[in-house]
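Hi,

Here is the structure I promised you. Have a look at it first, and then read on for what turned up.

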Amino acid sequence: MKRTFKLSTGVFGEGDPKICAPIVGRTKEDIFKAAEVIAKTEADVVEWRGDWFDRVEDRDELLEVLQGIRGRIREKALLFTLRTVYEGGQLAVMKDTYYELNERAARSGYVDLVDVEAFREEERTSEEIRKLQSAGVHVIASFHNFDRTPDREELIRRLTRMQEMGADVAKIAVMPQSREDVMTLMEATMEADHSLDIPVVTMSMGRLGVLSRLAGTLTGSAMTFASVGEASAPGQIPIEQMRVFCQLLSMK
Ligand SMILES: O=C1C[C@@](O)(C(=O)O)C[C@@H](O)[C@@H]1O
């Protein structure tokens, strides 16, 4: 039995893949503007990429932005993500600061999900996941490789490791260098979806990998990222187009 869980916009890990729209503004104004636009779309989940925000390390600013987004997106679920430079993001902070910021966001009461880079400090991840969960959020463990796609065994090993660490969702985003790489990612996803208890989320990035973002109903990937305005990663397609594909591919 899949360990699914409830969000305000539906059950994560059940039915058609959820659609997540990222916010990548640098200033409060840009972030709030983006939240207002996303609120009017059919996104199930809104990801705030906190690493893009200039003042994310300021405690009051962090809480003010979270509260502001929460108020604007109303019933949509909110995912807080700090993507570090080591995994293709903007944030370069000490490890302790990274965990502390995630914990602040989790304890704020405005957030439903928090992303944790699983292999940044592998020995510490389980403990951090538990801390975040006890603050009342679900945790997405993540791994990114913006250069290449590991082989199928390695992809499955990492997704499995995330479950062992206690994550609620296991997520992997990798860059393909060939058509074979896209198929490898999709096959590994299907296999992990069969073998794991927790939902998996995967994507093959860039133009070449677009199909993997549409194929969740087939591969078992439980969520897909689609852009509203600026994309947060290469290969994301606009949410209106994603909506059409999801309707076409829906299993309902
Ligand atoms: O991990 C992911 C997936 C992603 O990298 C993508 O390729 O859609 C986009 C990021 O914003 C998100 O945190």
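Let's start with Lys 171, which is buried, with 25 other C-beta atoms within 10 Å. (Buried means that 20 or more other C-beta atoms lie within 10 Å of the residue's own, with C-beta atoms placed from the backbone; 12 or fewer would be exposed, and anything in between partly exposed.) Before going further: this is a predicted model, where local features need pLDDT of at least 70, side-chain atom pairs count only at pLDDT 80 or more, and totals for chains, interfaces and linings use all residues. Residues are numbered from 1 along each chain as its sequence is written.

Lys 171 sits in strand β8; helices (H or I, at least four residues) and strands (E, at least two) are DSSP runs, numbered from the N terminus. Not counting residues up to four places away in sequence, Lys 171 touches Ile 140, Ala 141, Ser 142, Val 201 and Thr 202. Contact here means that two C-beta atoms, placed from the backbone, lie within 7 Å.

Why care about this lysine? UniProt's unreviewed entry lists Lys 171 together with His 144 under "active site". The two span 28 residues in sequence, yet their C-alpha atoms are not more than 8.6 Å apart, so they gather at one spot. (UniProt positions are in the numbering used here, feature names are shortened, and annotations may be inferred rather than shown by experiment.) His 144 belongs to strand β7 (residues 138–145) and is buried too, with 21 C-beta neighbours inside 10 Å.

Glu 47 is in strand β4 and is buried, with 24 other C-beta atoms within 10 Å. Beyond four places in sequence, its contacts are Cys 20, Pro 22, Ile 23, Leu 79 and Thr 81. Arg 83 lies in the loop between β5 (77–81) and α3 (95–107), and is buried with 24 other C-beta atoms within 10 Å.

Cheers
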